[in-house]
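User: I have a structure to read and I am new to this. Could you take me through its features one at a time?

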Amino acid sequence: MSAGEGEILLTVFLKHQKDKNLQEINAKLEKTEFWKMFPPEGIEVVNWYVMMGIGQVAILKVPGHRLREVNLAIEKSAWGAFDTEFYPTYDFMPVLKSIKAQHGIEM
């Protein structure tokens, strides 16, 4: 899951707007062509989760120079269905494994 040189991992929270039911959210996503626009072509989806009671979480691998495209895709297609939050992310597992190994703890 590690990002390569010039790439970042970006965690995107797509929080369901609580004043809308699922049918209304899906209608909005269809109207704005969310599934065509997000993520932009060529942006790798590392993982995508549904968080019950919250919404969806997408983890993307994004070349730094394309970050604006991801933002615009969200602004054009997700707003009105989701409240959004973005978090630059990195893979901590190699670090955690190293720390555990230094302490003689198996993972």
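Analyst: Start with pairing: two strands pair if DSSP finds at least two bridges between them. Strands (E, at least two residues) and helices (H or I, at least four) are DSSP runs, numbered from the N terminus. Here, V12 has A58 in β3 as its bridge partner. This is a predicted model, where local features need pLDDT of at least 70, side-chain atom pairs count only at pLDDT 80 or more, and totals for chains, interfaces and linings use all residues. Residues are numbered from 1 along each chain as its sequence is written, and side-chain values use heavy atoms, with hydrogens and water left out.

User: In what sense do β1 and β3 pair, and over how many bridges?

Analyst: The sense is antiparallel, over 9 bridges. Strand β2 (residues 44-51) also pairs with β3 in the antiparallel sense, over 7 bridges. In that pairing, E44 stands opposite K61 of β3.

User: How many helices and strands are there in the protein chain, and in what order do the elements run?

Analyst: There are 4 helices and 4 strands. From the N terminus on, the order is β-α-α-β-β-α-β-α.

User: How do I read burial? Is T11 buried or exposed?

Analyst: T11 lies in strand β1, residues 7-16. Its relative accessible area is 10%, so T11 is buried. As for β3, 9 of its 9 residues are buried.

User: Which residues does T11 touch?

Analyst: Contact means heavy atoms within 4.5 Å. Leaving out residues up to four places away in sequence, T11 touches V57, A58, I59, E85, F86, Y87 and T89. With T89 there is also a polar contact between the side chains, at 2.6 Å. A polar contact is a pair of N or O atoms within 3.5 Å; within protein, one must be able to donate a hydrogen and the other to accept it, and residues adjacent in sequence count only if both atoms are side-chain atoms.

User: What is a nonpolar core?

Analyst: It is a set of buried Ala, Val, Leu, Ile, Met, Phe, Trp, Tyr and Cys residues joined through side-chain atoms within 4.5 Å. In soluble globular proteins, nonpolar side chains tend to be buried together. The largest core here has 17 residues, and those with the most contacts inside it include V12, L14, F34 and F82. At least two of its residues come from each of β1, α1 (22-31), β3 (55-63) and α3 (67-77). Beyond its neighbours within four places in sequence, F34 is in contact with L14, L29, W48, S77, A78 and F82.

User: Now the loops. Where is M52 found, and is M52 buried or exposed?

Analyst: M52 is in the loop between β2 and β3. At 80% relative accessible area, M52 is exposed.

User: Which residue other than glycine has a positive phi?

Analyst: E33 does, with phi near 60°. E33 sits in the loop between α1 and α2. Its relative accessibility is 40%, so E33 counts as partly exposed.

User: Which residues does a cis peptide bond join?

Analyst: F38 and P39, with omega about -10°. P39 is in the loop between α2 (34-37) and β2.

Conventions: Buried means under 20% relative accessible area, exposed over 50%, partly exposed in between (1.4 Å probe, protein chains only).
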